[in-house]
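I am opening a notebook on a structure that is new to me. I will write down what I look up, one topic at a time.

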Amino acid sequence: MRTNVAIIGAGPAGLLLSQLLYQQGIDSVVLERRDREYCEQRQRAGMIEHGVVELLRDAGVGERMDREGFAHDGIELRFDGRSHRVDFRELTGRSVMIYAQTEIVKDLIARRLADGGQVLFEAEATAVEGVEGDHPRVRFTHNGVEEVLECDVVAACDGFHGIGRATLPSGVARTFEKSYPFGWLGILANVAPSCEELIYAHHANGFALHSLRSNEVSRLYLQVPADTDPAAWSDERIWDELATRFALDDSDWTLKRGPITDKAVTPMRSFVTEPMRYGQLFLAGDAAHIVPPTGAKGLNLALRDVSLLAEALTTWYGKGDTALLDSYSDSALRRVWRAEHFSYWMTSLLHVHPDSDEFDRRLQLAHLSHIADLPAAATHLAENYTGLPRV
Ligand code: FAD
Ligand code: DHB
């Protein structure tokens, strides 16, 4: 089998890359080790930056997002029993979209298959070879048969546990990592959201986030210790703890409760690999970097990486010009490190570190009050949250 661009992974990054290349007449094959249903059901992120909303529209997959997604002009910060709204539209002129990663993945798979695209499910890449030269190959198993995909370029969009990053020789790659002693217990619940905009809550017991998926489905997260078994949290305990962390003084606001349909713990880490290119192998999305979820940058970064990569490949195939391919890693990493800093900053601002004391908590409250009181401080949050224009 032969193609122009061999794409490993049918997550949001791999699928969008395939779609963007198709729009430019460049052939690709997507190899995905899981089945289609698994890819379409895996619960993950939900917030899309302003510029990424436009990217998805331009890619021809914005129709259902515009119909069913929720445009949000701000978020609510809750701390010290009070509430403060950060108005993105007023501070930056931009807004964000709440539309689940699972829906983006469904839209992209449907679009690629409708256009005759090759997305091979249950096709696991087992080796990436020859990327130092002009004839790379990806070995994979499909339906129990070993096959070879020959190509010009390999795009590793295969997530944190994929094989793309492992292909970089150890003398070439450097990694930078920070892990956190807490994670997020995330739930989906069949209940109308208790708020119109997202609530990011700082509480002495830990962080909580209220998000949504539709008018009937709420998505909520609780900070929990890193090694938490979700089974140890009964539904009642989850709702009680969420209600405690979102509680407001002097308000009759209440958290609506309903049946929980999904419950999982996400570990939190910061991770970056440099460079994001080796020969004809390019890394994109979680294959190259991870951010803690506070601020919802993981999905957005993954989609922006492939936008950059698609443009570079289009210039190369169209004009034989390698300049954008050569600058891909540096350009992507500038944005990655900005997002790494923002995600770390939001995480540190809102979570309770197990080693922290009352002094640390007072500092967090002073910082949150500063954001509530000073538009310049709120603008820093709003600019980063809605997504900085392309660097
Ligand atoms: P992925 O979505 O991981 O896709 C990679 C794909 O490659 C997978 O389908 C995998 O099966 C496939 N693959 C791997 N190895 C191979 C192989 N050898 N051969 C073939 N296929 C392979 N971000 C947020 O912003 N907010 C959140 O709330 C949030 N929650 C998250 C919860 C969890 C449990 C996880 C894991 C991530 C979460 N993220 C969140 C991060 C966000 O979902 C990711 O940043 C995003 O999925 C990155 O997309 P991707 O396409 O790069 O990688
Ligand atoms: C969601 C996840 C996030 O990490 C975040 O910061 C905002 C929203 C979500 O899943 O809806």
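Predicted model: local features only at pLDDT ≥ 70, side-chain atom pairs only at ≥ 80, totals over all residues.

Ala296 made me stop at the backbone. Its phi is positive, near 55°, and the residue is not a glycine. I found Ala296 in the loop between strand 20 (289–290) and helix 8. Is Ala296 buried or exposed? Ala296 counts as buried, because it has 22 C-beta neighbours inside 10 Å, and the cut-off for buried is 20 or more.

**Helix 8 and helix 9**

I went on to helix 8 and its contact with helix 9 (residues 323–350). The two axes come within 10 Å and cross at roughly 165°. Helix 8 and helix 9 are therefore roughly antiparallel to each other, since an angle over 145 degrees counts as such. I recorded the crossing of helix 8 past helix 9 as right-handed.

On the side of helix 8 the contact residues include Leu301, Arg304, Asp305, Leu308 and Trp316. On the side of helix 9, Leu324, Tyr328, Arg335 and Ala339 are among them. The contact has eleven nonpolar, two polar and four charged residues.

**Helix 3**

Which residues of helix 3 (residues 50–58) are buried? I wrote down His50, Val52, Val53, Leu55 and Leu56. These buried residues pack against strand 3 (47–48), helix 4 (63–68), strand 7 (96–98), helix 6 (101–114), helix 8 and helix 11 (375–386). After helix 3 comes Gly60, with a positive phi near 85°.

**Cys39**

I looked up Cys39 and found it in helix 2 (residues 36–41). Cys39 is buried, because 23 other C-beta atoms lie within 10 Å. Leaving out residues up to four places away in sequence, Cys39 touches Ala10, Glu32, Arg34 and Val105. I also checked Cys39 against Pro389, which is 350 residues apart from it along the chain; their C-alpha atoms are separated by 30 Å.

**Backbone details**

Most residues other than glycine have a negative phi, and most peptide bonds are trans. With that in mind I noted two further places.

Asn143 is not a glycine, yet its phi is positive, about 50°. Asn143 sits in the loop between strand 10 (137–142) and strand 11 (145–150). Asn143 is exposed, because 8 other C-beta atoms lie within 10 Å, and the cut-off for exposed is 12 or fewer.

Which residues does a cis peptide bond join? The bond joins Glu274 and Pro275, and omega is about -5°. Pro275 lies in the loop between strand 17 (260–274) and strand 18 (277–278).

Methods. Residues numbered from 1 in each chain as written. Chains lettered and ligands numbered in written order. Helix = DSSP H or I, 4+ residues; strand = E, 2+ residues; numbered from the N terminus. Contact = placed C-beta atoms within 7 Å. Axes fitted to C-alpha atoms, helices over the stretch in contact; angles between N-to-C directions. Parallel < 35°, antiparallel > 145°, perpendicular 65-115°, else oblique. Left-handed = near helix turned anticlockwise from the far one by under 90°. Nonpolar A, V, L, I, M, F, W, Y, C, P; charged D, E, K, R; others polar.
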